[in-house]
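Visitor: I have a structure open here and would like a walk through some of it. Could you help me get started?

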Amino acid sequence: MNLDSLLELINSRLITIQSHPLNSAERLVLQGIWHDWSYNQMATEGGYSPGYLSNVVAPLLWQRLSTLIDRRVTKKNCRFLLENYAACLNAETLPNEQLPASSSENVSQDMLPCFPSGSVPLGSPFYIEDSALKDIICQEIIKGGALIRIRAPREMGKTSLLLRILGYANSINYHTVSLNLEQVDSTILSEPNRFLRWLCASVTRQLQLETKLDEYWDEDLGSKLSSTLYFQDYLLEHINSPIVLALDEVNQIFEYPTVAKDFLPLLRSWYEEAKRLPIWQKLRIIIVKSTEIYIPLKLNQSPFNVGLPIVLNEFNLEQVQQLAQRYKLNWKQDLEAKLLMAMVGGHPSLIHTAIYHLSVGEINLAQLLETAPTCTGIYSHHLQRLWAILQEQPNLALALDHVINSPQPVQLEPILAYKLKSMGVIKLYENKAALSCHLYRQYFQKHIAIEK
């Protein structure tokens, strides 16, 4: 949804619920939030004083919006919460608000299910939390200089978990900066100096500080040392509480070796600096990457073998049952959950997708299981994406074929086993490979046979 559409939607809801539309100053603040402006930039754009916007307009606006959506709205979370609220409204979901009597009679106050695509929003009842894993991460994030690395195949819930880590960090008054490297222009990713300037500028804007790159950038020192000094002498020096820097989809830079060669060792060096200089203990780094893309790294220069490694678990039977209950499926005992898991294992996205389709009555469980491994089933996009990877690397397809046609787990070359496991299509048991689930056996057995 674009900014104009969002403003009109929010404005109409405020008129309906509070009988008071957005005024021009409030619209300006929301426009600034959308474009990630500081209050100084908003003031320049609208002809107001920065103090008036930050001390008068904004607090009243956050109060109005918090009442509207029944969530605490701040400058940091405003865009995310409003976009999520708008998406729910567009799906005919009306969460946590008092509707006029004429329209509320036939509308549930519970959040209605939306198609599960991408991360699960904060506050969603359809997020199944691994409380033990979250506790481990929350205990780590409060340690000075912490580095947490989350890695898993796509669609395993990495970004949903990251949202909740950042939510926890905000709740304890840490500053949070979240950067998705998929959003970086290829021209920036192609050149180390431009990328590091982008990184420093992006962090500065999210911290609502004035950008001072030119004051710290020195061609004679180079971009790596310049960015280090920018963090150390400016950002960390001016922020009192810890900063959580979350880097999502770090695997994106693997396609740009020149940048990867400089940036990944730099992250590790910042982690190591915290052991030597107390000021670096204020920086906590979270690295999130998908594992489908493989590149060999020098272990002594990589951030992927230091810090706290996080492995995302698949759903167990109890969690599948719990999700089905939240979608109001009337599953008796464990039969339906066991049948579904026999096909797709505990893969969170595959489970979630199936339960959604069953909950809206598009298909019954027998039909879903029959069509699941076909090009017309609900998993067609997921399976086609994996098949495209195998077609680009025939040696992987041959290795997977070996696993498919063996009645017992088999030994594979270590690199091939690592790549297939990183795709999520196999599991390793004492270094021997077996398929992750029956879905992959049925689909890939047929497609690999055709290729032969």
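Visitor: Which residues of helix α20 are buried?
Guide: In this predicted model, the buried residues of α20 (residues 414–423) are Leu 416, Ala 417, Lys 419, Leu 420, Ser 422 and Met 423, where buried means under 20% relative accessible area, exposed over 50% and partly exposed in between, with a 1.4 Å probe and protein chains only. Helices (H or I, at least four residues) and strands (E, at least two) are DSSP runs numbered from the N terminus. Residues are numbered from 1 along each chain as its sequence is written, local features need pLDDT of at least 70 and side-chain atom pairs pLDDT 80 or more, while totals for chains, interfaces and linings use all residues. Side-chain values use heavy atoms, leaving out hydrogens and water.

Visitor: And what do they pack against?
Guide: The buried residues of α20 pack against β1 (147–152), α18 (380–392), α19 (394–404) and β7 (426–429).

Visitor: What follows α20?
Guide: Gly 424 does, and its phi is positive, near 90°.

Visitor: Back to α18: is Ser 380 buried or exposed?
Guide: Ser 380, which lies in α18, is buried, with a relative accessible area of 18%. Leaving aside neighbours within four places in sequence, Ser 380 is in contact (heavy atoms within 4.5 Å) with Thr 374 and Cys 375.

Visitor: New topic: which residue lies over the face of Tyr 127?
Guide: Arg 164 does, at 3.7 Å from the ring centre; a charge sits over a ring if NZ of Lys or CZ of Arg is within 6 Å of the ring centre and within 35 degrees of the ring normal. Lys 75 lies over the face of Tyr 39, at 5.2 Å from the ring centre.
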